[in-house]
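Work through the exercises below with the model at hand, trying each task before reading its solution.

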Amino acid sequence: MDFDLTAEQQLLADGLTRFLDSRYDLTESRKVAKVGDGWQPQIWRAFADELGVIGACLPSTVGGDDGGPEELMVVTEALGRALVVEPFVDTVVLGAGLLARTGHDGALEVARSVTAGETLVATAALEDTSGGRLHHVTTRAEESDGGWVLHGAKAVVTTAPIADKLILTARIAGSDDDRDGIGLFLIPLGDATPAGLTQHEFRTVDDRRAADLTLDGVQVGGDALIARGADALALLERAWDTATAAVVSEAVGLMRKVLADTVAYTTQRQQFGRPLAGFQALAHRMVDMYIELEQAVAAQYLAILSLDAEPAKRAAAVSAAKATISRAARFIGQNSVQLHGGMGMTEELAIGHYFRRLTVIEYEFGSADAHLARVEKLARA
């Protein structure tokens, strides 16, 4: 199998890397992440207008370039390497990727706005009792006067505090675990947030904006329902797997940077008249980190190259990759901090910021245990 990038993919990778190296300052982005909206709109506009990165992975039906999984890998790995805080996975991969496949006019319009760099999207799919199961939905939607009334709550919705649109799952029929009774709703946020929808905002440990949502009699129009039933769940699961693979690829970019910085630091840092890298025990530690990284890269390829496979094969590949990445992220992140000593956790060194993002990725879109259980269940099916 040929893992080399095509000429066009290499140009995309090189252009994005040059842009991030020259214009995405880590100190500035970390400062921005801790205050206000927590992101840089001018960078987002440049992603859309100057680089075409936002549309690179979206279909032409919504103004994209019809890029596939390989383009997604190229972009997200580069974003991980630069520790980009802007919500690419939430808005482009999960949000616009899902909206573009619904065929719903309103959803397609929002997806086109995302491609143009004008709209941010958040997705509220999980609840406190979900346990990572997308089909477990207790939030309910009741028909009323041609529209819908929503009641319930959603947990840890990243990007929600800065998003313009919200994709939300709600039960329109059946019991809490009925796979055929789910509806996908598209709801405005910001100044147009409907009455009864409350955000309890917080910042995650890696400095991203998130919120728990409460819906108390939220009234939306009939056109807010963009997909329903088994089709809605299938669309959500495909978008969720694609976003999980994107985070896997982001983690590879993060780990490449962390390992390179750790090797450079231990080569320069002296102890007892010798570089730290000259001590055999520490050299062995970094070899183990390299092995974990190479296993993570193999898992990344498995996930990315399985995104267009039939659902069961796709799900098994993505879950196997996420479990592998979760282990590697912990091992490489924790060892890099230890090899840097106490400085590794300071705000001054980049390594501490990368470590926090890797720690979140370990659990984002499901823990290693959850994904291993999914692989086992699929193997028995």
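**Exercise 1.** Find the volume of the largest cavity in this predicted model, and describe its lining by residue and by class.

*Solution.* Begin with the volume, which is about 310 Å³ for the largest cavity; a search of the whole structure finds one cavity of 30 Å³ or more. Next, look at the elements around this space, where α5 (69-81), α6 and α11 each give two or more residues to the lining. The lining is made up of 25 residues, and those nearest the centre of the cavity are Val84, Val85, Glu86, Pro87 and Arg208. Finally, sort the lining by class, which gives nine nonpolar, six polar and 10 charged residues.

**Exercise 2.** Describe the largest pocket, and state which domains contribute at least three residues each to its lining.

*Solution.* The largest pocket holds about 1,300 Å³ of space. Its lining has 45 residues, with Gly132, Arg133, Leu134, Trp240 and Phe365 closest to the centre. Among the elements that supply two or more lining residues are β3 (147-158), α8 (229-268) and α10 (311-340). Sorted by class, the pocket lining has 21 nonpolar, 11 polar and 13 charged residues. At the level of domains, at least three residues come from each of domain 2 (122-231) and domain 3 (237-380).

**Exercise 3.** How are α8 and α11 oriented relative to each other, roughly parallel or roughly antiparallel?

*Solution.* First take the axes of α8 and α11 (residues 350-361), which come within 10 Å and cross at roughly 150°. Because angles over 145 degrees count as roughly antiparallel, α8 is roughly antiparallel to α11.

Definitions and conventions:
Residues are numbered from 1 along each chain as its sequence is written. This is a predicted model: local features need pLDDT of at least 70, side-chain atom pairs count only at pLDDT 80 or more; totals for chains, interfaces and linings use all residues. Side-chain values use heavy atoms; hydrogens and water are left out. On a 1 Å grid over the protein atoms alone, a cavity is a set of points where a 1.4 Å probe fits but cannot get out, and a pocket is an open set with protein on both sides within 12 Å along at least five of seven lines; lining residues have an atom within 4 Å of a point. Grid points are joined across faces, edges and corners, and a volume is the space filled by probe spheres set on the points. Helices (H or I, at least four residues) and strands (E, at least two) are DSSP runs, numbered from the N terminus. Ala, Val, Leu, Ile, Met, Phe, Trp, Tyr, Cys and Pro count as nonpolar, Asp, Glu, Lys and Arg as charged, and the others, Gly among them, as polar. Domain bounds come from an automatic or database domain assignment. Axes are lines fitted to C-alpha atoms, for helices over the stretch in contact, and angles run from 0 to 180 degrees between N-to-C directions. Angles under 35 degrees count as roughly parallel, over 145 as roughly antiparallel, 65 to 115 as roughly perpendicular and the rest as oblique.
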